[in-house]
Amino acid sequence: MSVFGSSHFGLPRMRPLSSKRSHVVSVLDIGSTKVVCMIARLTPRQESQVLPGRTHNIEIIGIGHQRSRGVKSGVIADLDAAESVVRLAVDAAERMAGLTVDSLIVNVSAGRLASDVYTATIDLGGQEVEAADLKKVLVAASQQSLRQDRAILHSLPTGFSLDGERGIRDPLAMFGDELGVDMHVVTAERATLKNLELCVNRAHLSVEGMVATPYASGLAALVDDEVELGCAAIDMGGGTTTISVFAEGKLVHTDAISLGGHHVTTDLARGLSTRIEDAERMKVVHGSAQMNSGDERDVISVPPIGEDDRDQPTQVPRSLVTRIVRARIEETLELIRDRIQKSGFSPIVGKRVVLTGGASQLTGLSETARRILARNVRIGRPMGVSGLPAAAKGPAFSTAVGLMIYPQVADMETHASQSGLMASLGSGNGRLARVGQWLKESF
């Protein structure tokens with residue numbers, strides 16, 4: 001099914017998972033450094049104090065990952081190369097799981113992700129809030145965000161208001177004169193999403209849904225108290241670094257900058273005149289975001305860039321490598337700090353920041369982040385998933401695991417399209433859900 005089918009409201013929406021049935025879900029994380037395909041079996045779980053937002057247990061039954069080609073800063077730069085890597089990653093996951101994949105949930109890092117809050121109000125005339133009023137105000141907020149050149153990825157009501165009283169979570173059956181809603185909408189450029197979908201379609205697969213990378217990473221790496229109290233999740237990838245802010249259990253802001261771990265590698269390759277592969281190895285083995293006392297004395301051998309056997313490796317102090325790495329890391333963190341400040345969500349983030357993604361594994365990064373961001377920093381790893389191999393339990397796989405969690409929270413979203421709104425109203429067990437079910441059956 002095409003992502004850009006008949007609906008002028010944007011992408012097709014994932015149907016919420018049935019809480020009584022098992023499902024097999026497959027996801028594809030297309031990054032600048034690696035492409036990961038995961039296949040998992042989701043089985044219903046009892047309500048629990050641990051990760052209470054989850055409706056299903058996730059067991060990974062297949063995983064395949066390949067070094068990325070044809071992708072630059074999250075954008076498809078070479079369709080043929082990207083398609084072949086997607087095929088290889090999906091094929092490896094299918095072989096391990098013993099089943100064939102038709103459609104996938106895909107992440108979106110590029111397309112100039114934008115995060116906006118739209119407010120809409122309707123007059124109630126002192127009457128009780130009914131489901132029709134909720135639909136009316138939600139559609140009014142969603143329609144404000146519709147634009148020709150951008151597609152809506154996520155549309156989340158962050159809070160309702162009645163007669164100016166904010167912070168109401170479910171206004172159904174309450175009385176008031178004026179009902180308002182704040183709608184957080186995440187959008188991306190339509191052309192970027194079309195190319196992403198085209199790449200997947202060329203591998204004879206369809207896109208089931210698209211999820212913003214910062215949202216997926218936050219779902220995987222944050223604990224419930226952080227999501228409730230307010231916290232920023234920073235996913236440091238190879239080509240992009242994305243920021244998501246959560247508060248009161250919902251995503252309230254996203255942002256992305258085109259800097260990542262690969263920029264550190266190219267800085268080293270240029271500064272030390274060595275190949276990209278050797279620079280990457282030096283970054284992993286010797287790189288640090290902090291100076292250590294022995295760095296001036298320790299000497300590192302830098303392989304020459306040419307193929308000539310007579311070229312001898314040059315010897316440089318480790319402190320030179322650290323200085324090159326630190327300069328780029330500090331620039332990235334300062335940019336993140338400024339973006340959080342500029343967004344207006346700095347008070348909501350408070351002192352809580354979680355770093356995740358492959359580039360967050362750099363030695364000394366959390367200490368440098370504490371100093372520059374002036375906040376408590378921890379490294380976030382994907383949580384609440386069984387069956388992950390040891391190599392895939394690190395921060396680099398947070399986005400892929402977050403894509404697995406997304407179907408369980410997809411019903412929190414509300415979209416202007418008729419079917420999307422009905423689907424979101426008709427899920428769950430509350431009074432709002434029952435009215436939604438009646439609306440679906442009646443109309």
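This is a predicted model: local features need pLDDT of at least 70, side-chain atom pairs count only at pLDDT 80 or more; totals for chains, interfaces and linings use all residues.

**Note on salt bridges, fold and local features**

1. The side chains of arginine 339 and aspartate 255 form a salt bridge, with an N to O distance of 3.0 Å. This pair connects distant parts of the chain, since arginine 339 belongs to helix α8 (residues 318-343) and aspartate 255 to strand β14 (residues 250-257), 84 residues apart. A salt bridge is counted here when a side-chain nitrogen of Lys or Arg lies within 4 Å of a carboxyl oxygen of Asp or Glu. Helices (H or I, at least four residues) and strands (E, at least two) are DSSP runs, numbered from the N terminus.

2. Residues are numbered from 1 along each chain as its sequence is written, and side-chain values use heavy atoms, with hydrogens and water left out.

3. How accessible are the two partners of the first pair? Arginine 339 is partly exposed at 28% relative accessibility, whereas aspartate 255 is buried, with a relative accessible area of 13%. In these terms, buried means under 20% relative accessible area, exposed means over 50%, and partly exposed lies in between (1.4 Å probe, protein chains only). The accessible areas come from the Shrake-Rupley method with a 1.4 Å probe; for residues, only the protein chains shown count as cover.

4. A further salt bridge joins the side chains of aspartate 295 and arginine 318 (3.7 Å, N to O). Aspartate 295 is in the loop between α7 (276-286) and β15 (299-302) and arginine 318 is in helix α8, so the pair ties together parts that are 23 residues apart in sequence. Aspartate 295 is buried at 3% relative accessibility, while arginine 318, with a relative accessible area of 23%, is partly exposed.

5. Because the two residues are three apart in helix α8, about one helical turn separates them. Arginine 328 is buried, with a relative accessible area of 17%; glutamate 331 is partly exposed, with 38%.

6. By the rule given above, the count comes to 20 salt bridges. Asp80, Glu83, Arg87 and Arg202 are linked in a network of salt bridges.

7. As to the overall fold, the protein chain has 13 helices and 19 strands. Along its principal axes the C-alpha trace spans about 85 × 45 × 45 Å. Of the 443 residues, 54% are buried.

8. Isoleucine 329 is in helix α8 and is buried at 5% relative accessibility; its C-alpha atom is separated by 9.3 Å from that of leucine 259, 70 residues apart along the chain. Threonine 242 is in strand β13 (residues 241-247) and is buried at 2% relative accessibility. The C-alpha atoms of threonine 242 and glycine 260, 18 residues apart along the chain, are separated by 9.4 Å.

9. Which backbone angle deserves attention at arginine 112? Arginine 112 has a positive phi of about 45° although it is not a glycine. Arginine 112 lies in the loop between β6 (103-108) and β7 (114-123) and is exposed at 63% relative accessibility.

10. Aspartate 163 likewise is not a glycine and has a positive phi, of about 50°. Aspartate 163 is in the loop between β8 (150-162) and β9 and is partly exposed, with a relative accessible area of 43%.

11. Aspartate 163 also belongs to a negative surface patch, formed with Asp123, Glu165, Asp177 and Glu178. Patches are made of residues with over 30% relative accessible area and no salt bridge, like charges being joined within 9 Å. Asp and Glu count as negative, and the place of a charge is taken as CG of Asp or CD of Glu. Glutamate 165 is in strand β9 (residues 165-168) and is exposed, with a relative accessible area of 57%.

Conventions: Patches are made of residues with over 30% relative accessible area and no salt bridge: like charges are joined within 9 Å, nonpolar side chains (Val, Leu, Ile, Met, Phe, Trp, Tyr) within 5 Å.
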